[in-house]
Amino acid sequence: MSKVYIFLADGFEDIEGLTVVDLMRRAGIDIQTVSIKATKEVITSHGISLLTDCIFSETDFSDADMLVLPGGMPGTRYLGEYKPLTDLLTDFYNKGGKVAAICAAPSVFARLGFLKGRKATSYPSFMDKLTGAVTTEESVAVDGNVTTSRGLGTAIDFALSLIAQLCGEEKAAEIADSVVYKR
């Protein structure tokens with residue numbers, strides 16, 4: 001079974017984070033929500049309080065198959081400023097691990113140098129922050145071990161792409177059908 005970690009900070013975009021969690025769990029993927037705070041409680045960009053599965057400082061990520069960042073503000077800024085996370089992402093990426101980000105969060109990847117020469121996308125007002133990337137307006141851009149997506153309206157496409165990468169296209173199609181989503 002694949003193991004995925006999605007990192008949450010106060011102000012993350014509800015739908016971008018939770019759609020990935022929901023659809024991956026439906027696909028049988030072990031996805032863990034991770035707070036970058038000292039507590040499991042995180043407040044979404046729309047004021048919803050939720051509890052994560054674990055806290056960053058208490059988690060061992062050595063079993064990860066993929067690391068995911070949702071967008072939203074100020075959540076993206078907090079994720080990008082959290083050095084333990086950016087160090088983990090950099091090490092994981094440099095070892096060829098799959099990383100994924102949606103909305104504003106691909107800007108974190110750009111700052112870390114992951115997007116140089118790669119096809120990438122993001123929320124429209126963040127496209128100029130994708131330094132070195134070959135930008136596209138596709139819903140989801142997959143280039144090697146990096147996946148990026150545009151925003152809330154592309155969250156299902158993003159989640160299904162990640163499922164396809166980990167479990168195959170057939171499983172992604174099965175999940176799309178189960179939620180009455182036409183790709």
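Asp-22 has a relative accessible area of 34% and is therefore partly exposed, where buried means under 20% relative accessible area, exposed over 50%, and partly exposed in between (1.4 Å probe, protein chains only). The model is a predicted one, in which local features need pLDDT of at least 70 and side-chain atom pairs count only at pLDDT 80 or more, while totals for chains, interfaces and linings use all residues. Residues are numbered from 1 along each chain as its sequence is written, and side-chain values use heavy atoms, with hydrogens and water left out.

**Exercise 1. Determine which side chain meets that of Asp-22 in a salt bridge, and where both residues lie.**

Step 1. A salt bridge requires a side-chain nitrogen of Lys or Arg within 4 Å of a carboxyl oxygen of Asp or Glu. The side chain of Asp-22 meets that of Arg-26 in such a bridge, at 2.4 Å from N to O.

Step 2. Both residues belong to helix H1 and are four residues apart, about one turn of the helix. Helices here are DSSP runs (H or I, at least four residues), as are strands (E, at least two), numbered from the N terminus.

Step 3. Arg-26 is partly exposed, because its relative accessible area is 47%.

**Exercise 2. Determine which parts of the chain are tied together by Arg-118 and Asp-143.**

Step 1. The side chains of Arg-118 and Asp-143 form a salt bridge with an N to O distance of 3.7 Å.

Step 2. Arg-118 lies in the loop between helix H4 (106–111) and S8, and Asp-143 lies in strand S10 (residues 140–143), so the pair ties together parts that are 25 residues apart in sequence.

Step 3. Arg-118 is buried because its relative accessible area is 17%, whereas Asp-143, at 23%, is partly exposed.

**Exercise 3. Describe the salt bridge between Asp-30 and Lys-3.**

Step 1. The structure holds twelve salt bridges. One of them joins the side chains of Asp-30 and Lys-3 at 3.1 Å, N to O.

Step 2. This pair links distant parts of the chain, with Asp-30 in strand S2 (residues 30–35) and Lys-3 in strand S1 (residues 3–8), 27 residues apart.

Step 3. Asp-30 counts as partly exposed because its relative accessibility is 24%; Lys-3, at 15%, counts as buried.

**Exercise 4. Is Glu-16 buried or exposed, and which side chain of opposite charge is nearest?**

Step 1. Glu-16 lies in helix H1 (residues 14–26).

Step 2. Glu-16 is buried and has no salt bridge; Arg-150, the nearest side chain of opposite charge, is 10 Å away. For charge, Lys and Arg count as positive and Asp and Glu as negative, while His and the chain ends are not counted.

Step 3. The side chain of Glu-16 does reach the backbone nitrogen of Gly-71, at 3.0 Å. A polar atom of this side chain also lies 3.0 Å from the backbone nitrogen of Leu-152.

Step 4. Beyond four places in sequence, the residues that Glu-16 touches (heavy atoms within 4.5 Å) include Pro-70, Ile-102, Cys-103 and Ala-155.

**Exercise 5. State where Ala-133 is found and which residues are in contact with it.**

Step 1. Ala-133 is found in the loop between strand S8 (119–120) and strand S9 (134–135).

Step 2. Because its relative accessibility is 19%, Ala-133 counts as buried.

Step 3. Setting aside neighbours within four places in sequence, Ala-133 is in contact with Leu-115, Gly-117, Arg-118 and Ala-120.

How values were computed:
A polar contact is a pair of N or O atoms within 3.5 Å; within protein, one must be able to donate a hydrogen and the other to accept it, and residues adjacent in sequence count only if both atoms are side-chain atoms.
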